[in-house]
Amino acid sequence: MLEWLYIRPDALQVWHDPIVVRALSWYRDVMLNRMPAKFLIAKHVESPEDPASLSLDELWRLHDRLASEFRELWSRIRGGEIRLEQLSKPKHSFLDVKAEIAWRLIRRCVLCERRCMIDRTRGGRSICLLDDKAYVHSWFLHMGEEAPLVPSGTIFYGGCNFKCVFCQNYDISQLDVRGGEPVSPRRLAEIQAELRGRGARNINHVGGEPTPSLHVILSSLKYLDVNVPQLWNSNFYMSEEAMKLLVDVVDIWLPDFKYGNNKCAQRLSGIPRYMEVVTRNLVEASRHGDMLIRHLVLPSHLECCTKPVLRWIAGNLPREKILVNIMDQYRPEHLVARYPWRWPDIARRPRVGEIAEAYRYAEKLGLNYRQVSL
Ligand code: SF4
């Protein structure tokens, strides 16, 4: 029996909401197989040269040229002018170029804005604690994500570039990072195909953080011939290079916009330049695909984080195209649970009044918040 049959009622009802339909139109079309996912389109854009034979500089030049061709083709496919089946598959494609670049980048790793520049192919490990492999800790049909996403074919990768003191997934993000299955690109493609076959509305790349595993994820798409939306569920601390690789393969973005200032980001996640990097990536992502932004309300952080985050979204992103999920489920975990006196501000659940104030503020700003239920 198909797992589709166990879908939550609100996961069906949500598509009667015109705001959701408008904001997630591309994702929905791919989900319903009315349109091909972007990675399938990228496979049909021909690379005139074997990417393996090119230098990194040459690869980037080729990438940027093919990106223009891809966007032209994407637009024609969206407009119904052309169908993917009418096109032949080239020997080398835009997707091959992207995967090749990603593997080169981990030799002096700049996948995220930590920009460690260590050679991960030689076993070097940095903040994310990863070598050159992607470690899958679990994968399954997730029924607890936002209504438009479930059942979500969720893949949890080990490792993270953040060090959040309250992390709920700290076992795979910070402790036993390499305890999962080291997956080859082919194996990762098989996992994705199986999830779609079992009724997944999307492939939800998450962790930990998926960014350090980008090279394996992009390579896996070369072996995946099943149509399924690619969902990027991330802290959004990708480098500009990683963003360039991602924008033509991600169908729906699920950014976790945590902090409204750099001081809180440094103190609670050990991350520098948070606002500059994350807002830059949010603007870029909003130009390339649908987006549902998550914000977890931290206790005592309404004025310094929640309100600035909501203000920034309202002032800088196309409001009618963006859904915002204001999440109320914070609880002290990981280091905060063990040493609550070190972070007394977040050593409790948020109060009902704090959550209500966050909703009121989003309402005042005219955001489409909580249009998506959890
Ligand atoms: S993914 Fe980020 S944290 Fe990990 S090695 Fe690369 S640059 Fe460093």
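Colleague: What makes α8 roughly perpendicular to α9?

Modeller: In this predicted model, helix α8 (residues 185–197) and helix α9 (residues 214–223) pack at an angle of about 70 degrees. Angles of 65 to 115 degrees count as roughly perpendicular. Therefore α8 is roughly perpendicular to α9. Their axes are 7 Å apart, and α8 passes α9 in a right-handed crossing.

Colleague: Which residues in α8 meet which in α9?

Modeller: From α8 come Pro-185, Arg-186, Leu-188, Ala-189 and Gln-192. In α9 they meet Val-216, Ile-217, Ser-219, Ser-220, Lys-222 and Tyr-223. The residues of this contact divide into six nonpolar, three polar and two charged.

Colleague: Why are α13 and α15 called roughly parallel?

Modeller: The axes of helix α13 (residues 302–316) and helix α15 (residues 352–365) cross at roughly 25 degrees. Angles under 35 degrees count as roughly parallel. Therefore α13 and α15 are roughly parallel to each other. The axes come within 10 Å, and the crossing of α13 past α15 is right-handed.

Colleague: What makes up the contact of α13 with α15?

Modeller: Leu-302, Thr-306, Lys-307, Leu-310, Arg-311 and Ala-314 lie on the α13 side. On the α15 side are Glu-354, Glu-357, Ala-358, Tyr-361, Ala-362 and Leu-365. The contact has seven nonpolar residues, one polar and four charged.

Colleague: Now the sheet. What is the order of its nine strands?

Modeller: The order is β3-β1-β2-β4-β5-β6-β7-β8-β9. The sheet is open, and its pairing is mixed.

Colleague: What makes β3 and β9 edges?

Modeller: β3 (181–183) and β9 (368–369) each have a single partner strand, so one side of each is left without a neighbour in the sheet.

Colleague: How do you know that β1 and β3 pair?

Modeller: Strands pair if there are at least two bridges between them. Three bridges join strand β1 (residues 134–142) to β3, so they pair. They run antiparallel. Tyr-135 has Pro-182 in β3 as its bridge partner.

Colleague: How many bridges do β1 and β2 have, and in which sense do they pair?

Modeller: Strand β2 (residues 152–157) pairs with β1 over six bridges, in the antiparallel sense. Phe-140 stands opposite Thr-154 in β2.

Colleague: Where is the pairing parallel?

Modeller: Strand β4 (residues 203–206) and strand β5 (residues 230–234) pair in the parallel sense, over three bridges. There His-205 stands opposite Trp-232 in β5. Helix α12 (residues 274–286) packs on the sheet, touching β6 (252–255), β7 (290–296) and β8 (322–327). The direction of α12 makes about 160 degrees with that of β6.

Colleague: Which peptide bonds are cis?

Modeller: One runs from Val-150 to Pro-151, with omega near -5 degrees. Pro-151 is in the loop between β1 and β2. Another runs from Gly-207 to Gly-208, with omega near 25 degrees. Gly-208 is in the loop between β4 and α9.

Colleague: What is the phi of Arg-115?

Modeller: Phi is near 45 degrees, a positive value in a residue other than glycine. Most residues other than glycine have a negative phi. Arg-115 lies in the loop between α6 (94–105) and β1.

Colleague: How many residues surround the ligand, and which are the closest?

Modeller: 16 residues surround the ligand. The closest are Cys-109, Cys-112, Cys-116, Cys-128 and Pro-212. The shell divides into ten nonpolar, three polar and three charged residues.

Key:
Residues are numbered from 1 along each chain as its sequence is written. This is a predicted model: local features need pLDDT of at least 70, side-chain atom pairs count only at pLDDT 80 or more; totals for chains, interfaces and linings use all residues. Helices (H or I, at least four residues) and strands (E, at least two) are DSSP runs, numbered from the N terminus. Two residues are in contact if their C-beta atoms, placed from the backbone, lie within 7 Å. Axes are lines fitted to C-alpha atoms, for helices over the stretch in contact, and angles run from 0 to 180 degrees between N-to-C directions. Angles under 35 degrees count as roughly parallel, over 145 as roughly antiparallel, 65 to 115 as roughly perpendicular and the rest as oblique. A crossing is left-handed if the near helix is turned anticlockwise from the far one by less than a right angle, and right-handed if clockwise. Ala, Val, Leu, Ile, Met, Phe, Trp, Tyr, Cys and Pro count as nonpolar, Asp, Glu, Lys and Arg as charged, and the others, Gly among them, as polar. A residue is near a molecule or strand if its C-beta atom, placed from the backbone, lies within 6 Å of it.
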